[in-house]
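Hi everyone, thanks for coming. Today I'd like to walk you through how two parts of one protein chain meet. Have a look at this with me.

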Amino acid sequence: MSENNHTSWMGGRIRMDEVTKYMDQGRDFIDDARIQAQINAAPKEPSAAQVRDILAKSWAIKDLTPDEVAVLINVNDPGLLEEMRAMALKIKLKIYDNRIVTFAPFYLGNYCVNKCAYCGFNQDNATAKRNVLDPEQIRREVEVLTGTIGHKRLIAVYGEHPQNDVDYVVESLKAIYSVRVKTRHGHGAIRRVNVNAPPFSIDDLKKINEAGIGTYQVFQETYHKETYAKMHPKETIKGNYDWRLYCMHRAMEAGIDDVGIGALFGLYDWRFELMALIYHTQELEKRMGVGAHTISFPRLVPALNSMITPDWPYLVNDADFKKIMMIIRLAAPYTGMIITAREKAEIRNEAVLMGVTQMDASSRISIGGYSDCVTEQDEVKQQFILGDTRSLDQLIRDLAQMGFITSFCTAGYRCGRTGKCIMDLLRSGAEGKFCKLNAVLTFQEWLDDFASEDTRKLAMPLIEREVAEIKDKNPGALAIFLEYHDRIKKGERDLYL
Ligand code: SAM
Ligand code: SF4
């Protein structure tokens, strides 16, 4: 594409009519001054009674108000913090039970016209190696992901560029779904592709929806307008704060039921970002009928030529990061929470006890990184440096040691349990019943096809325990579950309820 065409492509991307239509008298729903005032007004040392009242509300699976979130932000008493953590886990178990859903990031194209100050794919990074995968390269990557590692769910990641525009997104999704691979006892395929891509127009989002996606994710990065402007130069597409802020409204209008929001923690004060995330999910619920399907809380990590130096004032320490996780679980009890391999293994293991529901493993974040089989990390090829390089087998073993089963379930969106339907089921505790059955079935599949001997030894008693629990607590579904379980053990694949 010539320089002129390139510029006109950029100029045509933002449709302000698809922003202003959702605004309230020309104003967006993030009121920086109000959020700051709410943080300032919260008691500096909340009492035990105050905190416990809020925890009781979370336990009743009710959303917390931003003022209540501000109270929890100020808790520093170790005893109360432990009560918050214990309640976050209790709620996670009540809604999602003892399962962790797993997935892999899949970077398809890292050309990008934006200049985000913290990202290794920033257009100005002349040393970054750029690529966009063709259908044959996609097939090779998916063969490793699904035939060697055993993934069933991906998050497809794209930069913003004419080379990885909407038509490429659609074609690449089709290419991913078309791959089927023989495994030890059955066959493997990717069954749910979530997408982390730039904001699109409503028409483009309709095309992406038709290609069959799971969740559409876009992170606001920072909700603080002044910081946003510093990180994203005005002349770039990403420089338009509101185009990004309203992309989930557009996605829902385009028919995408499950949307994922997030903030890149470390760009600005974490307290502000946390409050804004809660405002965002509540705005979606109010205006579009359903809140965020997932909330992500990536923490800044080093990247090639990043403007963020180690003395940047807003970097988030581990203690505050843990507090962020528990508060998200307490404030939005029904929402999926994703912690990626940006974080170290120790923090990710702790996150499981704070309400997190989804984790990636065996992750490669360079373009073509799965079939390259290179294990060393390379700043020139990657968007950033990974903190947890455990294989999926290792992660599953570690989770099993903690009493958690790993779910590869993708039934929800294929059975129409998405959007408001799934949120209502989650709130009522009914979704757990389907999910537990599908989690056990998909876990059994993975153990038969991919597990090492050690992992299998640790995990099989967990499966037996789960089967006993289903007999006890879900007798109505027992016959069909046992039939499917048996068929899976004999090599049938992809049976779900
Ligand atoms: N290009 C698309 C966009 O910006 O929305 C999506 C892909 S981008 C590769 C995915 C996410 O990676 C970004 O939204 C940002 O939150 C995160 N990210 C970028 N640089 C990072 C860094 N240095 N550390 C941690 N996360 C980073
Ligand atoms: Fe491009 Fe996304 Fe990186 Fe920004 S965060 S430079 S938009 S890939």
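This is a predicted model: local features need pLDDT of at least 70, side-chain atom pairs count only at pLDDT 80 or more; totals for chains, interfaces and linings use all residues.

The protein chain splits into domain 1, made of 3-27 + 88-426, and domain 2, which covers 430-489. So you can find them on screen: the C-alpha centres of domain 1 and domain 2 are 28 Å apart.

Now, how many residues are in contact between the two? On the domain 1 side there are 33, and they touch 26 residues of domain 2. The size of an interface is often given as the accessible area lost when the parts come together. Here, about 2500 Å² is buried between domain 1 and domain 2, and carbon and sulfur atoms give 58% of that area.

What about charges? Two salt bridges are found across the interface of domain 1 and domain 2. As for polar contacts, the count between the domains is 15 residue pairs.

Which elements of domain 1 give two or more residues to the side that touches domain 2? They are α7 (135-149), α17 (392-401), β11 (405-407) and α19 (419-428). Of these, α17 gives the largest share, with six residues. Sorted by class, this side of domain 1 holds 13 nonpolar, 12 polar and eight charged residues.

That's my tour, and I'm happy to go back to any part of it!

Technical notes
Residues are numbered from 1 along each chain as its sequence is written. Chains are lettered from A and ligands numbered from 1 in the order in which they are written. Side-chain values use heavy atoms; hydrogens and water are left out. Contact means heavy atoms within 4.5 Å. Buried area is the accessible area (1.4 Å probe) that two parts lose on being put together, summed over both. A salt bridge is a side-chain nitrogen of Lys or Arg within 4 Å of a carboxyl oxygen of Asp or Glu. A polar contact is a pair of N or O atoms within 3.5 Å; within protein, one must be able to donate a hydrogen and the other to accept it, and residues adjacent in sequence count only if both atoms are side-chain atoms. Helices (H or I, at least four residues) and strands (E, at least two) are DSSP runs, numbered from the N terminus. Ala, Val, Leu, Ile, Met, Phe, Trp, Tyr, Cys and Pro count as nonpolar, Asp, Glu, Lys and Arg as charged, and the others, Gly among them, as polar.
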